[in-house]
Amino acid sequence: MENKYCTINNTFSANQMYVPVRRGVMCKSAKYNDWIKENVDIVRQMKKPEQYPIHIDILILADSKWKQRHDTDNCIKPLVDLLVKAGVIPDDSTRYIESSQARHLMGFGKPVVTISYTEIN
């Protein structure tokens with residue numbers, strides 16, 4: 001059974017996605033590449049949308065320490081890129097994504113992230 005959602009066990013901040021390699025040149029960080037490899041197969045299990053655009057909803061369940069050290073909105077870009085890398089959506093342009101939102105709820109321990117989408121009629 002394919003779902004319009006999936007759950008992964010960690011987040012990634014857009015602030016850590018890229019690192020400078022020389023003046024004016026950036027590349028994906030090793031940590032970011034490792035995070036993608038760790039989660040891409042989980043996200044691949046999501047059902048691909050039948051129509052576009054979609055609305056992406058991100059729910060982060062994490063403790064107060066996580067909230068103090070992270071900005072919830074900085075998690076959106078890496079998670080949307082993960083959807084593209086997993087082949088769930090073709091691109092992260094407005095042709096395919098109308099909107100996205102991220103919410104944080106108090107939980108326990110390490111962050112748990114649920115990514116879901118709604119097709120816009």
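This is a predicted model: local features need pLDDT of at least 70, side-chain atom pairs count only at pLDDT 80 or more; totals for chains, interfaces and linings use all residues.
Guide: Local features here need pLDDT of at least 70, side-chain atom pairs count only at pLDDT 80 or more, and totals for chains, interfaces and linings use all residues. Residues are numbered from 1 along each chain as its sequence is written, and side-chain values use heavy atoms, with hydrogens and water left out.

Visitor: Why is the contact of E119 and K4 called a salt bridge?

Guide: The term asks for a side-chain nitrogen of Lys or Arg within 4 Å of a carboxyl oxygen of Asp or Glu. For E119 and K4 the N to O distance is 3.9 Å, so the pair qualifies. Helices (H or I, at least four residues) and strands (E, at least two) are DSSP runs, numbered from the N terminus.

Visitor: Why does E119 count as buried?

Guide: Buried means under 20% relative accessible area, exposed over 50%, and partly exposed in between (1.4 Å probe, protein chains only). E119 has 16%, so it is buried. K4, at 35%, is partly exposed.

Visitor: What makes E50 exposed?

Guide: Its relative accessibility is 62%, so E50 passes the cut-off for exposed. The side chain of E50 meets that of K47 in a salt bridge at 3.0 Å, N to O.

Visitor: How do you know that β2 and β3 pair?

Guide: Pairing takes at least two bridges found by DSSP. Strands β2 (residues 18-22) and β3 (residues 25-28) run antiparallel and are joined by 4 bridges, so they pair.
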